[in-house]
Amino acid sequence: MSSSSSSEKVRASHILIKHQGSRRKASWKDPEGRVISATTRDDAVSQLKDLRVDIVSGKASFSDVASRDSDCSSAKRGGDLGSFGKGQMQKPFEEATYALKVGEISDIVDTDSGVHIIMRTG
């Protein structure tokens with residue numbers, strides 16, 4: 001693999017928690033959006049912060065938490081989004097991912113979809 005191609009694309013996993021402000025208030029675990037519609041952004045952030053503590057402390061693996069708690073369909077793959085380049089993701093998500101080193105986990109990232117934590121995997 002040439003180094004130029006690897007610097008253009010990144011690979012990441014994420015955990016998404018949707019809330020009242022999310023543009024689509026439904027997910028695989030909440031198809032009717034009842035929980036999401038009742039969740040404030042602050043609630044979503046505190047939930048995500050607790051999950052992040054569990055992951056960083058080694059109490060839980062990122063992929064296990066994503067499989068159980070993420071509102072994104074990538075939960076089936078442990079949160080894995082595969083590889084992507086610039087312009088393929090929402091801007092705040094892209095910027096946060098490119099700022100991480102491989103293996104690092106972001107702080108809370110806000111997008112139109114909800115709040116995320118991102119782990120760069122490649």
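This is a predicted model: local features need pLDDT of at least 70, side-chain atom pairs count only at pLDDT 80 or more; totals for chains, interfaces and linings use all residues.
Strands β3 (residues 109-111) and β4 are paired in the antiparallel sense over 3 bridges, where pairing requires that DSSP finds at least two bridges between two strands. The two strands form a hairpin with 2 residues between them, and Thr111 stands opposite Gly114 in β4. Helices here are DSSP runs of H or I with at least four residues, strands are runs of E with at least two, and both are numbered from the N terminus.

Residues are numbered from 1 along each chain as its sequence is written, and side-chain values use heavy atoms, with hydrogens and water left out.

Let us stay with β4, residues 114-120. Of its 7 residues, 7 are buried, that is, under 20% relative accessible area with a 1.4 Å probe and protein chains only, where exposed means over 50% and partly exposed lies in between. β4 also pairs with β1 (residues 10-17), in the antiparallel sense and over 6 bridges. In that pairing, Ser13 stands opposite Met119.

I turn now to helix α3, residues 41-56. Its 16 residues reach 22 Å from first C-alpha to last, close to the 22 Å expected at 1.5 Å a residue, the expected span being 1.5 Å times one less than the number of residues. Which residues of α3 are buried? They are Ala44, Val45, Leu48, Leu51 and Ile55. Seen down the helix axis, these buried residues fall within an arc of 130°, so they line one face of α3; the arc is taken from the directions from the axis to the C-beta atoms. On the other side, Asp42, Asp50 and Val53 are exposed. The cover over the buried residues includes β1, α4 (62-69) and β4. Just after the helix, Gly58 takes a positive phi of about 90°.

Finally, the interior. A nonpolar core is a set of buried Ala, Val, Leu, Ile, Met, Phe, Trp, Tyr and Cys residues joined through side-chain atoms within 4.5 Å. The largest such core has 14 residues, and Ile15, Leu48, Ile55, Phe62 and Ile117 have the most contacts inside it. At least two residues of this core come from each of β1, α3, α4 and β4, and α3 supplies the largest share, 5 residues. A second, separate core of 9 residues includes Val10, Ala12, Phe84 and Phe93.

Technical notes: Contact means heavy atoms within 4.5 Å.
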